[in-house]
Amino acid sequence: MASPFKDNPEKCVVRKQWNTPLLEYLHDTHGVRYRYLGLPGTDLIDVKLWRSMIDEVIAFEPLDRDGYGTRAITALRQNMRKMGVPGWAYCGSFEEVVLRRKDFDGQDYAQGGLVTLYNLDFCNEISSPVDTQERGKQVWRFEAIRQVLRDQVACYKETGGPRHFILMLTVRNQIGSQKIRKFLSPSKLQGDAKTFYTKCSKINAIPPKEEKLPLIGSHSWALKTLLHNMLCSYFGNPNLSALFFPQVLYQGTKVRDGTESPMLHWLVLCRFGKVEDPSPEFWPDGYLSRASIAVQNEEVLAWAVQTGEECSDAKPPNAVEWLLQHGSDILVGL
Ligand SMILES: C[S@@+](CC[C@H](N)C(=O)[O-])C[C@H]1O[C@@H](n2cnc3c(N)ncnc32)[C@H](O)[C@@H]1O
């Protein structure tokens, strides 16, 4: 296998027990079909699992680790053909292709229609740099996410179509202390995020400025605050309302030297607002204080209250239940 990505039991639980029931529910109950944009890896494990509900795939895969090889992208393209999945596989990082509008092979990039399922399944930190052809290593992930949202709005304006789509985002539960301190400076935080930040800082503070530490698996509250604050601000201008699902913690595939890979996964159901709406809405109320969930014993999902969060339901977590409990407003128009 050319891809560096190896599946693992905890990721399987997230895919099968968290994502799949929700995708199937929206498909079976509301007739939703998926146009996928994301990082399926050479084996397209997620696309295979959801194949019967997927019409088209827009995939990205960078050059091999050595920086030159094309084994991974070639395998991805071959596997898409074998599976009979219509779509495009772009060679290069998601960030560079989306921002430069060209891939490494010189193929032009365009989203070419609405996407109903984003699976931005990164293996590293939210602010990890990516290799670029002309500019060396660059932290382009934030801008690339803004860009795909701009592309999505442009497609919606041009062609109309479904108002709803799903955004899934996965990153390592890891970040440098100085970086997260800067990202969460009070001037960048909206109301709820500021309150949550203050509350959590008293319980599990980010190390002081002078200390430069990698925070590995220890400050999921800070990444949750960053991601929620960031997505709400990106959604503001295209006027996208959103239902946030509980943050999921799991152990990803170990790094080659055997180091653990704590991961965080978010799932958000988005809906384009109407022209007459003054602003988007975000659900559920008090999202940041609501419990996270985690994979237990490589088998099941269970509530896992993190710093600053409150206790959860007695019932085991279930994405469809969450939608039914908190999604009545966002489901309007589906
Ligand atoms: C976590 S794996 C994909 C797993 C797949 N989505 C699944 O559910 O099994 C991520 C894949 O995307 C590739 N990848 C990682 N970061 C990327 C980036 N910034 N741009 C494009 N591809 C990336 C990796 O080489 C790997 O093949």
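Tutor: Helices (H or I, at least four residues) and strands (E, at least two) are DSSP runs, numbered from the N terminus. This is a predicted model, in which local features need pLDDT of at least 70 and side-chain atom pairs count only at pLDDT 80 or more, while totals for chains, interfaces and linings use all residues. Residues are numbered from 1 along each chain as its sequence is written.

Student: What percentage of the residues of the protein chain count as buried?

Tutor: The protein chain has 9 helices and 15 strands. A residue is buried if 20 or more other C-beta atoms lie within 10 Å of its own, exposed if 12 or fewer, and partly exposed in between, with C-beta atoms placed from the backbone. Of the 334 residues of the protein chain, the share that counts as buried is 39%.

Student: Which residue in S4 is the bridge partner of Leu 37?

Tutor: Two strands pair if DSSP finds at least two bridges between them, and S1 pairs in the parallel sense with S2 (residues 54-61) over 5 bridges, where the bridge partner of Tyr 36 is Val 57. S1 is also joined by 3 bridges to S4 (residues 117-121), and these two strands run parallel. Within S4, the bridge partner of Leu 37 is Tyr 118.

Student: What is the orientation of helix H7 relative to H8?

Tutor: Axes are lines fitted to C-alpha atoms, for helices over the stretch in contact, and angles run from 0 to 180 degrees between N-to-C directions. The axes of H7 (residues 191-203) and H8 (residues 220-236) come within 10 Å and cross at roughly 175°. Given that angles under 35 degrees count as roughly parallel, over 145 as roughly antiparallel, 65 to 115 as roughly perpendicular and the rest as oblique, H7 is, relative to H8, roughly antiparallel.

Student: Which residues is Gly 217 in contact with, leaving aside its neighbours within four places in sequence?

Tutor: Gly 217 lies in the loop between strand S9 (214-216) and H8, and it counts as partly exposed because it has 15 C-beta neighbours inside 10 Å. Two residues are in contact if their C-beta atoms, placed from the backbone, lie within 7 Å. Leaving aside those sequence neighbours, Gly 217 is in contact with Asn 173, Gln 174 and Pro 262.
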